[in-house]
Amino acid sequence: MTEAGRPYPVEELLTAVRAEILAELRSDAEGAPKVALSKGRLLSQSEGTREYLFECRTWHGSLDGVSVLARPSRSRKAWDLAEASRAPDGTVRLVTKADLGAAPANIQIRKDDSANWAALAERLETAGGQDSPVDADHAGWLVGRGTPPRPGREPGAVGGELGGLQLNPRQRNAVAQALASEVLFL
């Protein structure tokens with residue numbers, strides 16, 4: 001176990017995943033669809049969350065229902081996490097923890113490609129805990145820690161279970177091992 005009580009190599013994986021998230025938030029995302037928002041105004045603010053309303057001339061459908069990143073246009077600073085929704089009148093409601101000011105002139109948004117990394121980080125953070133969906137023993141097999149269970153039967157004992165398939169001895173052995181083990185690497 002590591003200092004945080006997580007099995008090896010969870011801390012190392014978390015460090016790598018967090019680095020990927022930071023890289024995505026700092027990336028210019030060349031080629032990714034971006035939407036320009038203009039003439040913004042702060043609608044409300046509570047508990048560190050701000051809601052803005054913007055005008056939008058051209059919306060990109062790939063942003064419907066997904067997490068987005070936002071930052072001032074022409075900025076090179078890191079992107080901020082946000083949620084965007086387009087109203088029928090073409091305006092865009094943007095909710096974020098970032099302070100964009102009372103009347104942000106021009107903002108750009110794009111799809112948050114770090115969302116999958118964030119989900120992986122959340123899952124890894126539970127590793128080693130009581131209710132963790134990650135089985136530390138099984139995960140350890142991937143990095144050479146521990147030994148997966150051996151097949152419970154001999155390869156030749158599979159014969160009648162293959163529904164008449166013609167398999168060579170190596171294929172028959174692979175099927176027997178797959179049926180008798182929780183994990184098998186071919």
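Q: What is the relative accessible area of Asp80, and is this residue buried or partly exposed?
A: In this predicted model, Asp80 has a relative accessible area of 23% and is therefore partly exposed, since buried would require a value under 20%. Its salt-bridge partner is Lys77, with the closest N and O atoms 2.8 Å apart, and Lys77 is likewise partly exposed, at 38%.

Q: How many salt bridges does a search of the whole structure find, and which residues does Arg18 meet in this way?
A: The search finds eight salt bridges. Among them is the one between Arg18 and Glu125, whose closest N and O atoms are 2.9 Å apart; because Arg18 belongs to helix H1 (residues 10-26) and Glu125 to helix H2 (residues 115-125), this pair ties together parts that are 107 residues apart in sequence.

Q: Which residue meets Arg50 in a salt bridge, and where do the two lie?
A: The side chain of Arg50 meets that of Asp99 at 3.8 Å, N to O. Arg50 sits in strand E2 (residues 49-55) and Asp99 in the loop between strand E5 (92-96) and strand E6 (106-111), so the pair ties together parts 49 residues apart in sequence. Arg50 is buried, at 15% relative accessible area, whereas Asp99 counts as exposed, at 57%.

Q: How is a pair of aromatic rings described?
A: Such a pair is described by the distance of the ring centres and the angle of the planes. The structure holds one aromatic pair: Tyr52 and Phe54, which are tilted, with 6.1 Å centre to centre and 35° between the planes. Both Tyr52 and Phe54 are buried.

Terms used
Residues are numbered from 1 along each chain as its sequence is written. This is a predicted model: local features need pLDDT of at least 70, side-chain atom pairs count only at pLDDT 80 or more; totals for chains, interfaces and linings use all residues. Side-chain values use heavy atoms; hydrogens and water are left out. Rings of Phe, Tyr and Trp (its six-membered ring) pair if their centres lie within 6.5 Å; planes under 30 degrees apart count as stacked, over 60 as edge-to-face and the rest as tilted. Buried means under 20% relative accessible area, exposed over 50%, partly exposed in between (1.4 Å probe, protein chains only). A salt bridge is a side-chain nitrogen of Lys or Arg within 4 Å of a carboxyl oxygen of Asp or Glu. Helices (H or I, at least four residues) and strands (E, at least two) are DSSP runs, numbered from the N terminus.
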